[in-house]
Amino acid sequence: MAITCNAAITDGRGNFKIEEIEVHDPKDDEVLVKIKAAGLCHTDYDSLRWGKQIIIGHEGAGIVVKTGKNVESLQPGDNVILSWAMHCGHCFQCLEGNQHLCEIASPVAAGGNDYTPGHADPAGTTFNGEPILRSFNIGTIAEYTLVKSSALVKNNSNKMSFPAASIISCGVMTGYGSVINAAKVKPGSSVVVLGTGGVGLNVIQGAKIAGAGQIIAIDVNVTRLAMATQFGATHTIQADKSDTGLLNAAVKVKGLTEGRGADYAFECTAIPELGAAPLAMVRNAGTAVQVSGIEQDITIDMRLFEWDKIYINPLYGKCRPQIDFPEIISHYEKGELLLEEMITRTYTLNDLDKAFFDMLNGKNAKGVILFD
C-alpha cells in the first residue's frame with residue numbers, strides 16, 4: 001500500500017516546492033526508508049537547475065520500514081545511512097575495487113545524476129499519479145524514500161544522532177575518503193586544505209586521523225578558519241579574494257614547510273579559478289587533490305606541475321560504503337572524528353529556503369533538514 005508524504009520537488013529551472021508524493025511498497029531488492037534527517041550541500045542547490053523534475057537531496061539517514069523479499073542484510077527498525085554510490089558488484093569497475101565508479105549503478109560514473117538502470121524503479125515513487133525521479137537515485141529531502149538495498153549501510157552506533165549520521169552520506173565521506181582512500185596521506189606529513197566548508201573540515205579530520213604532522217587551513221572566512229582549528233588544523237592562513245590562484249598564500253605555505261611546499265594539498269572550494277591552486281602549494285613530487293568536483297574549463301600554467309607533482313580528481317572519496325561508513329562510525333565512537341559539532345543549524349522541511357540561503361552565505365559548516 002502506498003504511503004503519502006511530503007517531499008521537496010524541483011522543476012529543474014531553479015525552483016522547488018514542498019509537494020505530496022506517493023511511495024509504494026518495495027520490490028524484491030528494494031527498501032522503504034523513513035527519512036529522519038537529510039544533510040544539505042551545494043550539489044542539492046545545483047540540482048534545482050538540472051533541467052528536470054526530481055525529488056532533491058542526496059545525504060540522509062533514517063529507519064527501515066519495509067524490505068523486499070530478497071533483502072537479507074536489513075530488517076524493519078534498522079537505523080541506516082544512505083549512500084548514492086550504489087554498485088552492482090560484477091561490472092569491470094566493481095571487480096577492480098572501484099565501487100564508486102560502478103558502470104551499472106553509480107549515477108555519476110554512468111553519466112547521470114538521477115535514475116540509472118539497476119536502481120529502484122522510478123515507478124515506485126509517484127507525483128500526481130506519474131513516476132518521478134529521485135536525485136542521485138535516493139532523493140533524501142522527503143519523508144520517505146524507496147531505494148535499492150545497496151544504497152543503505154546499517155548504523156549500529158548507539159549514540160550517533162540522525163543528523164550526524166545523515167552528513168556521512170556525502171560531505172563527510174568525500175573529505176575523509178579523499179585523504180584516506182585517494183591520497184593515502186602518510187603519518188607525519190604536511191597537508192594544506194583550501195576551503196574549510198563542510199568537505200574541507202572533513203579533509204582536515206581525515207588528515208588528523210591519518211596522523212599528519214602539519215595541517216594548514218586556508219580560507220577567506222575567519223569564522224571558518226576558527227572551525228578548522230576546532231576540527232584539527234594546526235595552522236591557518238586567511239586568504240585574500242584578490243590573490244589570483246592563491247599564489248601569495250602559497251608563499252606563506254612554503255614558509256611553514258621549510259621552503260619547499262606541503263606534501264599534500266586539497267582543493268575544497270568548488271571555485272573553478274582555484275582548480276590549479278593546490279599545485280602551487282605542494283613540493284616537488286607532492287600530491288594535489290581536487291576534491292570539490294570542478295567540472296568547468298580552466299586554464300593551468302603547466303609550470304605548476306614542475307617537478308614530478310601528482311594531480312588527482314577522486315570521486316566521492318573513492319567510497320566503498322559497506323567498508324568506509326563503518327570505519328567512519330568507529331572513528332566517531334572513539335572520539336576521533338567530530339560529527340555533531342559540524343552541524344551548525346537544523347531546519348524543518350518548510351524552512352528549506354532558509355537552509356539554502358544560510359548555506360550559500362557561508363553561515364553553516366553543515367545544515368540539516370529534520371523530519372518528524
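Asp219 has Gln238 in β14 as its bridge partner. The model is a predicted one, in which local features need pLDDT of at least 70, side-chain atom pairs count only at pLDDT 80 or more, and totals for chains, interfaces and linings use all residues. Residues are numbered from 1 along each chain as its sequence is written, and side-chain values use heavy atoms, with hydrogens and water left out.

**The parallel sheet**

β13 (residues 214–219) pairs with β14 through 4 bridges in the parallel sense. Strands count as paired if DSSP finds at least two bridges between them; strands (E, at least two residues) and helices (H or I, at least four) are DSSP runs, numbered from the N terminus. An open sheet of 6 strands with parallel pairing has the order β14-β13-β12-β15-β16-β17. β14 (235–238) and β17 are its edge strands, each pairing on one side only. From one strand to the next, the twist averages 15 degrees. Helix α6 (residues 247–256) packs on this sheet and touches β12 (190–194), β13, β14 and β15 (262–267), where contact means heavy atoms within 4.5 Å. The direction of α6 makes about 160 degrees with that of β14; axes are lines fitted to C-alpha atoms, for helices over the stretch in contact, and angles run from 0 to 180 degrees between N-to-C directions.

**Antiparallel pairings of β6**

Strand β6 (residues 79–82) is joined to β5 (residues 61–67) by 3 bridges, and the two run antiparallel. Asn79 in β6 is the bridge partner of Ile63. β6 also pairs with β11 (residues 152–154) in the antiparallel sense, over 3 bridges, with Ile81 opposite Val153 in β11.

**Aromatic residues**

The whole structure holds 6 aromatic pairs. Rings of Phe, Tyr and Trp (its six-membered ring) pair if their centres lie within 6.5 Å; planes under 30 degrees apart are stacked, over 60 edge-to-face, and the rest tilted. Two of the pairs are listed here.

| Pair | Type | Centre to centre | Between planes |
|---|---|---|---|
| Trp50 and Phe136 | edge-to-face | 5.7 Å | 65 degrees |
| Trp84 and Tyr316 | stacked | 4.3 Å | 20 degrees |

Trp84 lies in the loop between β6 and α2 (92–95) and Tyr316 in the loop between β17 (310–312) and α8 (321–333), 232 residues apart. Both Trp84 and Tyr316 are buried, that is, under 20% relative accessible area, with exposed over 50% and partly exposed in between (1.4 Å probe, protein chains only). Phe136 is buried at 7%, whereas Trp50 is partly exposed at 23%. Trp50, Trp84, Phe136 and Tyr316 form one aromatic cluster.
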